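Please read the briefing below alongside the sequence and the coordinates.

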Amino acid sequence: MLIYVARRLALALVTCVAISVLTFIIIRLPPGDFVDAYIANLAASGSSVSEEQAAAMRREYGLDRPVPIQYALWMARVVHGDFGVSMMWRRPVTEVIGDRLWLTMAVSIAALFLTWIIALPIGVYSAARQYSIGDYVATTLGFIGLAVPNFLLALILMYLGFRYLGLSVGGLFSPDQAQAPWTWAKFWDLMVHLPLPACVLALAGTAQLIRIMRANLLDELRKPYVVTARAKGIGETRVLVKYPVRAALNPFVSSSAYLFPYLVSGSIVVSLVLGLPTVGPLLLQALVAQDMFLAGTIVLLLGVLTVLGTLISDLMLMWVEPRIRLQGRA
Amino acid sequence: MSIAATSTEERFAQATQLQLTWWRFRRHKLAVASLIVVGLFYLVVVFADFLAVADPHATDARRSFIPPQGISLFDENGWNPHVSGLKGVRNPKTFKLAYTPDPSRKLPVRLFVHGYSYNLFGFIPTDRHLFGIEGGDAVDGVFLLGTDQLGRDLFSRLIVATRISLSIGLAGVALSLVLGILLGGISGLYGGTIDNLIQRLIELVRSIPTIPLWMGLAAALPNTWSVTQIYFAITLIISLVSWTELARVVRGRFLALREEDFVIAAELAGASQIRIILRHMLPSFASHVIAAVSLALPVMIVSETSLSFLGLGLRPPAISWGILLQDAQNVQVLAGAPWLLSAAIPVILVILAFNFLGDGLRDAADPYG
Amino acid sequence: MAEAARRVLSVRDLIVDFVQDTGTTRALDGVSLDLHAGRVLGVVGESGCGKSLTARAILRLVDRPGRIVSGEVLLDPGAPQQQALTALDPAGDAIRKVRGGKIGLIFQEPMSALSMHYTVGNQIMEAVRAHSGLGKAAARQRAIELLGEVGIPRPETRIDAYPFQLSGGLRQRVGIALALAADPEILIADEPTTALDVTTQAQILALLRRLQQTKGMALMLITHDMGVIAQMADDVAVMYLGKVVEFAPVRQLFAAPRHPYTRALLRSVPSMKAVPRERLATIGGAVPHPEARPSGCAFHPRCPEVIAGRCSTEVPPALPPDGEGASCFHAMAHA
């Protein structure tokens, strides 16, 4: 078990480093450097920077050093929590991002839970009552989730909501709570608004997990240990839920591990359509404006949190599969 | 004493892997139907300009937001496919000219009419289109799916968008295929540390959320690049992430095939590695790879669509489904002109078709896998 | 001898079909057997002859697309508590009580017959509690007892092991403990030793013999190994392509086999007394696929004693239940 945990931790760490490198590349990609853009920005608003000031800034940000050193300097600051200053907002990046990162996670995690809660029972039912009406309904739902990209679904839902219900189907808070400080009331408000975006986000993943659960359960149902269980004289429901479902959970949880990055990704696009105050719209703004520290930080933090989520899923696999717990491998 | 083999059994015993796969595939009606749908879509790609009616780039503010017009097939004189011409009506309050369909002006719709000029197959200059109106003013036309804000015919734009969206999908998949077969093959064939390393790499790539990364990379593309350059850059960016699934499939097949007797026999007979791979192993897993490609295509297409929808992928004047859907972002506008969403239909159709096709191929290639 | 022991199970003319889009295959073509308390019935035949299917059909464990078409399985025939198992709902409570409670089933592959996700103790306790009202602690005690009975050393610690932590032999013992959990009267062992090495095989067989004798159970031992039959069985039923083709007490079967198939089976067992360098005797041809069942007597294409004209057109009469003999025209002519 320890070997397994150690391996997953090591991988998570390496992934985080890789993400940081990629992020740094993205930050440095646009032509010119940070100081040029800063000067240009200032010039646009009328103020200017002297040559010495520019040179001093360059030294401070290490822009006159070779690229790998710049990366090291940046990482050093990042590890201390200093993510730089946003040029658009002229405030520290962390201030600008504020709650948005946590809201992004809230939406993604809500979608993950929804996916599990929906996909697991439906997948089991679909396999146990193959070819029944319930199975066909589940399969159809699956197809919708499969066929309609999440942003399209969000778009269609918004349109339908607007056209037929006359309401603006978007946002994570009611207007009065949007700017308010965090209270239980605000938390409750969030909970009320979470289901819709979470559903939209979850649909595609749900469809996929239903198919995986259904296929694996059908396979497991044919295996000898199921017959043994039946031959012991225990009831059908118990036979089903205790044995083959437990075995089919393994691939189910494994697949969910890679669901989390997908959900975080998807939340960005869905947020844009539904106007959610998450990281998505901010990232788009930052990229278009070439506010590279803001954009880079968002990408980095999103990546790290995603890796964390994936790691947790991996560890959950341990709980589900005694062979991994005791032997380190299935 | 033994039961004579019937001719069916003989055919069965002598069929190649590909033939067997094809026969199994034929039994899935849904998959076969999807194959036809996909075929039709790619026909549209080839004949895009021929099938389009109006110049997809031609704007005309007079005919903005015209609702979809049906083609009436009959009139009092019998068979006469036609549409209504447009008439300018001055709004008494704003004094602005608004163009609406005028049933009194009938413009005949015929086949193989003259329209805007283009190059058929890229090199035959012509101006014939499958159908269109004869006569009429510059503002008139057949607007099967209505027009957008700038007065461009949505139907024609949809048709032309199909070309770009589908071809990016193909190009992206081709790149992913090369990467996937290369890395997956090395991984599966050599095993050991190399396999381990590549597997870790795949896990790493899969753990990274793709859209933020794509957004970052795409936003970094200089504005000054031409449409074609951006096209290829986007293709590259998208395929960099999707090769993992293909690599997984290829590796799995290689691992399984390595132990097969016929491979060992070939090795013992002294065949070289390359020959073994190409001649003996490749035919066995060709069908699996085709299935995986089929399933990877919709992912590519959706990726491009999403990126373009965000404004970070292809940029106008290029036309793709994503770019068309960008116009539908504003709900208020959409409420007044719901036909702007029509690009959603081919997206959904293509995704469904490729997925059914891929599923059918995968089942046909390996019913027990 | 057979008359003295009490009949606990009787199978009459059991017919099982497999219905698929490609056609219907008859897998069991009128099987009749009896099980008696305290006696071991050996059921022997090549793979695919339907021996395992018979065991499953008795317990209504036949999965789709298999279907019991006709026939009868009576538990405690003639007694007041007689139950017709074929008439029970396969998902109902009545058959549930029979499974494990009256009839225990031991499987062939210890590797795959036990779930890898639960401890040995958990799986045995479940069987115990399904047929008794015992609480957890009492059930755990019983489970430890059972593990001890089947010869597992240190059962108090082994009870918390997972199946993948045990060797093949130990796993099969667990399988036996599972089957015995609710003290059934009848034990059906489906090739219990096929997946084990020869030494373990001997141990398991000895265990089965001991358990069967001390508890006075009826044991139906399914195998393809004539050696196992010789060692364990009191009576033998030989099956071929879904039918019982010969039935006899074990000594008689080995001394004077009547059906040409039985004779061929016995001849094909390698013997220490054989002349060195002599060819191993085999049965010519191969077992036909049930979908391509030969006309008349199913064995006629491979039979050295085939009677031309008759064996290919007429089906030999089925054996009377409990009756000794062979379902064969040649055997009948030379009786």
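**Helix pair in chain A**

In this predicted model, α1(A) and α16(A) cross with a right-handed sense, a crossing being right-handed if the near helix is turned clockwise from the far one by less than a right angle, and left-handed if anticlockwise. The model is a predicted one, in which local features need pLDDT of at least 70 and side-chain atom pairs count only at pLDDT 80 or more, whereas totals for chains, interfaces and linings use all residues. Residues are numbered from 1 along each chain as its sequence is written, while chains are lettered from A and ligands numbered from 1 in the order in which they are written.

- The axes of α1 (residues 2–28) and α16 (residues 292–320) of chain A come within 9 Å and cross at roughly 165°, where axes are lines fitted to C-alpha atoms, for helices over the stretch in contact, and angles run from 0 to 180 degrees between N-to-C directions.
- The two helices α1(A) and α16(A) are therefore roughly antiparallel to each other, the term applying to angles over 145 degrees.
- Among the residues that make this contact are A:Tyr4, A:Arg8 and A:Ile19 of α1(A), together with A:Phe293, A:Gly303 and A:Asp314 of α16(A); two residues are in contact if their C-beta atoms, placed from the backbone, lie within 7 Å.
- By class, the contact of α1(A) with α16(A) has 16 nonpolar, five polar and two charged residues.

**Chain C against chain A**

- On the chain C side, 25 residues are in contact with 18 residues of chain A.
- The elements of chain C that give two or more residues to this side are α2 (93–101), α3 (110–113) and α4 (120–131), and the largest share, five residues, comes from α2(C).
- The residues of the side of chain C that touches chain A divide into 14 nonpolar, six polar and five charged.

**Sheet in chain C**

- Seven strands of chain C form an open sheet of mixed pairing in the order β6-β7-β8-β3-β9-β10-β11, with β6 (103–106) and β11 (325–326) as the edge strands, each of which pairs on one side only.
- Strands β6(C) and β7(C) run parallel and are joined by four bridges, with C:Ile186 of β7(C) as the bridge partner of C:Ile103; strands pair if DSSP finds at least two bridges between them.
- From β6(C), C:Ile103 and C:Leu105 point one way and C:Gly104 and C:Ile106 the other, and all are buried, that is, with 20 or more other C-beta atoms within 10 Å of their own.
- Strands β3(C) and β8(C) also run parallel, joined by five bridges.

Terms used
Ala, Val, Leu, Ile, Met, Phe, Trp, Tyr, Cys and Pro count as nonpolar, Asp, Glu, Lys and Arg as charged, and the others, Gly among them, as polar. A residue is buried if 20 or more other C-beta atoms lie within 10 Å of its own, exposed if 12 or fewer, and partly exposed in between; C-beta atoms are placed from the backbone. Angles under 35 degrees count as roughly parallel, over 145 as roughly antiparallel, 65 to 115 as roughly perpendicular and the rest as oblique.
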